[in-house]
Amino acid sequence: MSLLRIENIEKYYGNKSSLTKAIDGISFSVDKGEFISIMGASGSGKTTLLNCISTIDRVTAGHIYLEDEDVTAIKGKALNRFRREKLGFIFQDFNLLDTLTAYENIGLALSIQKRPAAEIEKAVHTVAEQLGITDVLNKYPYQMSGGQKQRVASARAIVTSPKLVLADEPTGALDSKSSKMLLERFNFLNHELDTTIMMVTHDSFTASYASRVIFIKDGKLFHEISRGGDSRKQFFDKIIDVVTLLGGDVSDAL
Amino acid sequence: MLFKLSLNNIRKSLRDYAIYFFTLVIGVSVFYVFNAIGGQAAMMRVNDSQYNIVYLLKVAISGTSVFVAGVLGLLIVYASRFLMKRRNKEFALYMTLGMSKGKISAILLIETLIIGIGSLFIGLLAGIGLSQLMSALVANLFEADMTAYKFTVSGEAIIKTIIYFAVMYLVVMIFNSFVVTKMKLIDLMQSGKRSEQIKLKNPWFCVIVFLLAAAALGYAYYQVGWNSKMIERNQMILYVALGCISTVLIFWSVSGMLLRVLMSMKRSYYRGLNAFTFRQISSTVNTMVLSMSVICLMLFLTICALTSAFTVRNAMNSNIKNLCPADFEYYTSLVPDEPTEYNSFTEMCEKNGYDLSEDFDKCVDVMVYTDNDLTFEKFFGDTLKKVQADFPFMQSDITETIMTVSDYNAVMDLYGKDKLTLGENEFIMLCNYKPMVNFRNEVLGTNNEITVFGRTLKSKYDECTDGAVDLSADRTNMGIIIVPDDVKDDSSIGAEYFIGNYRSDDKEAAEKIVLEKIDQVDRDTAGMRNADFFVKTSKIEICTAMIGLGAILTFLGLYIGLVFLIASGVILALKVLSESTDSIGRYEMLRKIGAEENEISRSLFRQTGIFFILPLLLGILHSVFGIKFAVYFMESFGIEKIFESTVITSAILLFIYGGYFLVTYFSSRSIIRDKR
């Protein structure tokens, strides 16, 4: 059964005289427990797509269903509730609150849901263990490395047990070692906790950790490949092939 | 080209400039309104002696204006420095594009000029409008007739305002150019990257500092509040300095402890956005220790100035009714041993063709006596040293004033006040000047016998009786001894009081006639009486002087109070607004993880509220003791109306400070919502 269903969505910017089609008729669906990567050159519309799914941005046309609920029809206050109950976010620049400690950053996602303090404490410690950040819980963002920050951000995203975790270039600001570590954690979350993850990236190495990769070019679906039984290395090679086909910026970013 | 750039900059950063502009406009209009008061009052029908008061008021306001200009100038420099900091990125862009520092200075210069001229123009317009409202207040204070009033514009005040503000803007321009020449490109470019470290202060050290500061403050409070009369000037400076330093230390230590305390309350800390709110508050309070202290002290001064001014003014108005129960008094100080043609004022007038009953329907003419053996020294004995410490001008050989009980009762009859009864060998001490009352009570409590003209009298009460014979604006009767009628010596008459009420209902006209006639008598009889001087006092004269003094105090209190309030409001508003701008990302983040909009608003409301309330709380606490100290000095005026004054002060405070709070809250809310 599909968790997320995207039906022919379009997103236009600008006015009549100069119209930009950021997304031009994209449809696909994501099953529960999948780890999906969306690839495309800069300006291909992948971040716009993510913003539309996460209700940060609104589509011009088309529908997005999460568990058969039409996301595009949610309005006002219900949007905030939808976001905090159904979605988890991970951003390229971590987006941690610099005034709070790691513990408080993670706990904030729960306290916004008005969970009691005792439950928050338990949940934060559990998720911190899963992501290997127990020892930095009392540190402030400026005291942590980039990898640690991103894992804290990931912990915040999954601590509420969301239906779908959306990650926007999560490895963008990390060195290769930290990237690898983070992605392995994503795999762990995906396999062991059955978390559904949707990740936007332009880095083939990052994308190769996913179970399926969707390629976007100029706001349209270009191609899509599944990992199947391949090893990560084999899958990486396949991705490289498509990227070469795609041409342009993405190949520069290898 | 530069001009266009400047203009667009202003348009673009209109929101940042709004509060700056708003402040300038208020500053200009307040400055104009107060400096235009002279012209306002002149338009009204006020009498001659009030013209003098109006002149005095103008002088006082001019003097205060220099000080006010200084405060406003500092404020403007502060605000403009603030705006400069916000624009570091922009300056960096100019510099990377190869613009010279001179050109950047020129841009700033043009901006300041545009803003300056704009604010002056709007401020003056607002000021002219407001000053019409102020006229109502002026008329009320001077009890003048408003019917002749016309719309006025004071050219003098306009010119003055323009000159003062031109100088202030000039200072800002010089300051800005100075800052620009000091700028380094690398600092400018990195200015956006906030990696502010949260330095948690050692909590125990904070607690110790807090306790020390609180103790020091308590000591200063005690000295100022309960030991008021023992304080010398040097000590006063010490206590004020102690208070200021303690204020800073208290804010410093509270900023360190605040978060710890809040964090320890686990349940509320992890509820909703509380963790975020508390962190925001503590990080901002940490950077605001000094400005909060300054604001706290300014609020303290404002509250004290306003309350004292209103108290004195209100007391004066009620004093007039209480302490001026008759229309006219003619006081003659007599020299007992010298020869004289007339035995009394009434006789003197009559023999010179002026029948006082023509103009007075009720009057008394009484004598007071002095006994050369009954001096202050005699009365006070050992206590004299203490008295002289408080009243250094009091010489020990000054004689006490003595009055017979029936003379006193005659005066009271005229005043419509309670009379006194006295036993054969009794006396009553009449005194209403509080500090003196205290000393006299001390003496009366221990030794209540005195010798008057060879007769030993015993005090009827062991304390002074409240009252006075003179017409006066305030409680200044240092002491009159009321004795039985047979205890007097006609050869030692010290002075004479003639007190009366005018027959006519038109008091002003009556007074004019009376004064003319009495002046004529005085001229005709010059040197014929054993008088060394005489004083004419009238209710109208006292009223005018009192009202004038009250008006001056009210205006000066309002002037300084308003300016300080505005200054505090602006400093806080700028801080909070810039904090909000810096935190846009954080709020955006909160929204992304699903925080409700009204939760976010509540968080912002709390943050803004705390910043406004913290200095206010300490300021109010300071004021309680400050006013207690002021009360000591206001006692001679009477302090019955202090509650009313406090209410008025609170209303003004609430209106302006509260207004700034709301404006700040709503504009920061629009800042953090805008980026969506």
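In what order do the nine strands of the open sheet in chain B run? Select them and read across: 5-6-4-7-3-2-8-1-9, with mixed pairing. (Two strands pair if DSSP finds at least two bridges between them; helices, H or I with at least four residues, and strands, E with at least two, are DSSP runs numbered from the N terminus.)

Before you go on: this is a predicted model, where local features need pLDDT of at least 70, side-chain atom pairs count only at pLDDT 80 or more, and totals for chains, interfaces and linings use all residues. Residues are numbered from 1 along each chain as its sequence is written, while chains are lettered from A and ligands numbered from 1 in the order in which they are written.

Now colour strand 5 (449–452) and strand 9 (531–538) of chain B: they stand at the edges with a single partner strand each, so one side of each has no neighbour in the sheet. Zoom in on strand 5 of chain B, which pairs with strand 6 (455–459) of chain B in the antiparallel sense over four bridges. Click B:T451 and you'll find B:T456 of strand 6 opposite.

Next stop, the other chain. Here 22 residues of chain B are in contact with 22 residues of chain A (contact means C-beta atoms, placed from the backbone, within 7 Å). On the chain B side, select helix 11 (266–269), helix 12 (274–287) and helix 21 (584–592), the elements that give two or more residues. Helix 12 of chain B gives the largest share, five residues.

Definitions and conventions:
Two residues are in contact if their C-beta atoms, placed from the backbone, lie within 7 Å.
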